Amino acid sequence: MNASTQEQAPVLIAGGGIAGMAMALTLHQIGVPCRVFETVPDLQPLGVGINLQPNAVRELYELGIGAEQLDTIGIQAREWALVGRNGNDVYAEPRGLLAGYKWPQYSVHRGQLQMLLLREV
Ligand SMILES: Cc1cc2nc3c(=O)[nH]c(=O)nc-3n(C[C@H](O)[C@H](O)[C@H](O)COP(=O)(O)OP(=O)(O)OC[C@H]3O[C@@H](n4cnc5c(N)ncnc54)[C@H](O)[C@@H]3O)c2cc1C
């Protein structure tokens with residue numbers, strides 16, 4: 001494989017999940033062609049609620065996915081709290097911006113995040 005062939009050869013990404021989609025967007029951002037191979041013919045927004053820590057949100061912001069979009073699929077987490085059976089606070093600590101990070105922490109649905117990334121890709 002010569003240098004010019006290497007430049008044109010796309011990166012092959014196995015799986016159109018959160019990681020695959022984020023990788024595709026990153027490669028697009030730096031001008032590297034890629035192809036995503038997904039085993040599911042029709043992606044559905046499956047999954048549970050997950051937390052995007054500030055370092056992950058920073059990466060999404062860098063990819064052009066800002067608060068306006070993330071606010072449509074989740075909420076900015078203000079606090080992590082451990083609550084007893086009777087509702088009394090056992091322990092709590094601030095998260096995201098309130099914890100001093102430059103970026104918020106988001107609680108989102110995995111499937112909705114995947115669909116957002118898919119639309120961007
Ligand atoms: C209950 C639960 C809670 C979680 N909570 C958090 C959290 O709070 N914060 C957090 O950051 N993470 C959390 N995670 C982890 C997070 O969901 C995963 O790290 C993330 O989804 C991994 O992304 P991925 O793209 O590697 O895999 P996935 O999102 O699972 O996507 C993999 C994709 O690859 C496809 N695929 C599989 N095999 C092949 C193949 N052979 N060829 C082609 N395509 C294939 C699948 O169909 C799928 O679309 C949680 C996970 C679970 C299960």
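Let me start with how helix α2, residues 18-29, sits against helix α5, residues 110-120: in this predicted model, the two pack at an angle of about 25 degrees, with their axes 9 Å apart. Angles under 35 degrees count as roughly parallel, and α2 and α5 are therefore described as roughly parallel to each other. As for the handedness, α2 passes α5 in a left-handed crossing. On the α2 side the contact is made by Ile-18, Met-21, Ala-22 and Leu-25, while α5 brings Arg-110, Leu-113, Gln-114, Leu-117, Leu-118 and Glu-120. Sorted by class, this contact of α2 with α5 comes to 7 nonpolar, 1 polar and 2 charged residues.

Helix α2 also takes us to the ligand. Around the ligand there are 15 residues, and the closest of them are Gly-15, Gly-17, Ala-19, Thr-39 and Ile-50. Which element gives the largest share of this shell? That is α2, from which 3 residues come, and both α2 and β3, the strand at 49-52, supply at least two residues each. By class, the shell around the ligand is made up of 7 nonpolar, 6 polar and 2 charged residues.

Now to the chain as a whole. Its secondary structure amounts to 5 helices and 7 strands, and, read from the N terminus on, the elements follow the order α-β-α-β-β-α-α-β-β-β-β-α. Turning to overall dimensions, the C-alpha atoms fill a box of roughly 65 × 30 × 25 Å along the principal axes. The chain has a radius of gyration of 18 Å, whereas a compact globule of 121 residues would have one near 14 Å.

Conventions. Residues numbered from 1 in each chain as written. Predicted model: local features only at pLDDT ≥ 70, side-chain atom pairs only at ≥ 80, totals over all residues. Axes fitted to C-alpha atoms, helices over the stretch in contact; angles between N-to-C directions. Helix = DSSP H or I, 4+ residues; strand = E, 2+ residues; numbered from the N terminus. Parallel < 35°, antiparallel > 145°, perpendicular 65-115°, else oblique. Left-handed = near helix turned anticlockwise from the far one by under 90°. Contact = placed C-beta atoms within 7 Å. Nonpolar A, V, L, I, M, F, W, Y, C, P; charged D, E, K, R; others polar. Near = placed C-beta within 6 Å. Rg over C-alpha atoms; globule rule 2.2 N^0.38 Å.
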